[in-house]
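Subject: Handover of a structure and summary of findings

Dear colleague,

Please find below the structure that I am handing over to you.

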Amino acid sequence: MKSINRDWTQIVQSDGQLNRQLAQHVEILYTGLHGLSVQRFWLEDGRSYIYKPLPPGEERFREIRAYLQVMPLLTKLAPPPVYPSLIAYAVPADELERLQQSLSNGGRLEPTEPLIHPVCWMIVEDIGVVEHQHSPAVLEQMVNQMAGWHSVEEQHLTSLPQTGQKPPLSQAASSLLERWQQVETIVQTLLTSMEDTEASLASSQHSDSTALPWSELAKPLLSALQSDIQHAMKRIAIQPAVLLHGDLHAGNYGLNPQGKLIILDWEHSHAGSLFWDLYHLIDLSHPLFPREMTGELRHQLVERYWNAGSEVTTAPAHSPHQRAALADYRNLAAFEYDYLLYAMIYSIWMLLLIQSDLQQQPPIWPHALLLAQQYETKQHLQQCLKAWWTARSEELR
């Protein structure tokens with residue numbers, strides 16, 4: 001959708017509310033933790049748009065920055081990801097210079113100049129109701145698209161943030177190593193649960209096979225995990241950074257009414273390890289967007305990424321920059337091994353965070369949602385632990 005020649009500052013009032021005399025119908029889509037509501041609205045000509053007020057604080061410009069710095073890079077991909085077009089955005093007059101500085105591009109604002117308004121906001125294209133799916137078919141499409149934006153060349157990433165909304169791997173891993181007793185408790189509990197589940201399954205199937213003695217493997221497994229975390233930190237730390245979406249929970253992608261994959265909310269885009277987008281898509285839990293994962297599907301998605309969009313015929317499977325990021329991995333098995341370690345580090349880190357959130361008053365999320373997130377994280381971590389230990393044992397044979 002091309003920008004419409006309108007005075008959008010008349011449609012958004014000075015208090016940040018939509019002018020109901022001009023916006024004839026307004027529908028609240030969702031309200032964020034900051035209390036601001038994203039809304040769909042219609043004008044007198046029957047066209048609808050999405051209004052997104054931007055919260056105060058240091059990061060208020062990050063979604064504007066994404067539209068002005070990251071989206072132009074996406075348009076050069078084949079095929080480019082589909083996302084809502086930016087129609088207009090506004091900033092207070094006294095913050096215009098800070099916005100220019102945040103862009104780190106010499107103060108040049110493109111493709112759309114900002115409007116001056118007392119409140120910071122964006123109006124974007126209405127691409128219709130997005131059906132948020134976490135099906136294998138949608139995930140495979142997402143991995144293909146991800147391989148594309150990870151191929152953006154390194155010279156385009158220098159002005160982007162180098163960290164996202166979660167700590168980098170080195171910080172997350174160091175945190176686990178410093179709290180290793182807590183890590184041991186989490187892993188031992190999961191191993192006991194795995195043993196009980198497999199024993200129950202064998203009994204229900206009247207099998208004569210004996211369940212793996214996971215609880216008896218706790219000591220060597222934890223020792224191996226501690227060692228592997230230290231080595232994985234070093235290997236992944238030297239990977240060339242790639243362009244990351246940064247926030248690939250199921251609420252940020254889905255199918256529009258025409259069945260086309262739409263990828264939303266690039267505000268946390270930054271440069272970092274390719275494993276972050278993979279982990280966020282496959283294994284990172286979210287209180288509002290639960291999903292299921294299996295060991296088989298996880299392997300298929302990692303393998304699909306390794307093949308890096310082989311179905312895209314208009315571009316090479318890997319760009320030179322992306323090949324550099326994968327250069328340390330001699331084969332898919334080595335790449336998947338490090339993915340599993342990466343996923344385990346962040347999943348254990350997430351379990352410690354969820355434990356803290358459950359004790360917080362008032363809680364950041366309702367306890368029922370946090371408990372569901374905790375359960376999902378444990379399920380994914382169990383799968384990764386089993387796959388990692390199996391791969392490690394086979395490697396040592």
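P79 counts as partly exposed because its relative accessibility is 48%; buried means under 20% relative accessible area, exposed over 50%, and partly exposed in between (1.4 Å probe, protein chains only). The C-alpha atom of P79 is 9.9 Å from that of W149, although the two residues are 70 apart along the chain.

Please note that this is a predicted model, in which local features need pLDDT of at least 70 and side-chain atom pairs count only at pLDDT 80 or more, while totals for chains, interfaces and linings use all residues. Residues are numbered from 1 along each chain as its sequence is written, and side-chain values use heavy atoms, with hydrogens and water left out.

Six strands form an open sheet in the order 1-2-3-6-4-5, with mixed pairing. Its edge strands are strand 1 (25-31) and strand 5 (115-116), each of which pairs on one side only. Two strands are said to pair if DSSP finds at least two bridges between them.

Strand 1 pairs with strand 2 (residues 37-42) in the antiparallel sense over six bridges, and S37 in strand 2 is the bridge partner of T31. The hairpin of these strands has five residues between them, and G35 takes a positive phi near 85°. Strand 2 also pairs with strand 3 in the antiparallel sense, over four bridges; here W42 has S48 in strand 3 as its bridge partner. This second hairpin likewise has five residues between its strands, and G46 in its turn has a positive phi of about 90°. Strand 2 is largely enclosed by the rest of the structure, because five of its six residues are buried.

Helix 2 lies across strand 3 (48-53), strand 4 and strand 6 (121-125), and runs at about 135° to strand 4. Axes are lines fitted to C-alpha atoms, for helices over the stretch in contact, and angles run from 0 to 180 degrees between N-to-C directions. Contact means heavy atoms within 4.5 Å.

Helix packing

Helix 4 (residues 136-149) and helix 9 (residues 295-307) have axes that come within 9 Å and cross at roughly 25°. The two helices are therefore roughly parallel to each other (angles under 35 degrees count as roughly parallel, over 145 as roughly antiparallel, 65 to 115 as roughly perpendicular and the rest as oblique). The contact residues comprise eight nonpolar, two polar and two charged; Ala, Val, Leu, Ile, Met, Phe, Trp, Tyr, Cys and Pro count as nonpolar, Asp, Glu, Lys and Arg as charged, and the others, Gly among them, as polar.

Helix 8 (residues 274-282) packs against helix 11 (residues 332-359) at an angle of about 65°, with the axes 10 Å apart. Twelve nonpolar residues, one polar and one charged make up this contact. Helix 8 is mostly covered, with nine of its nine residues buried.
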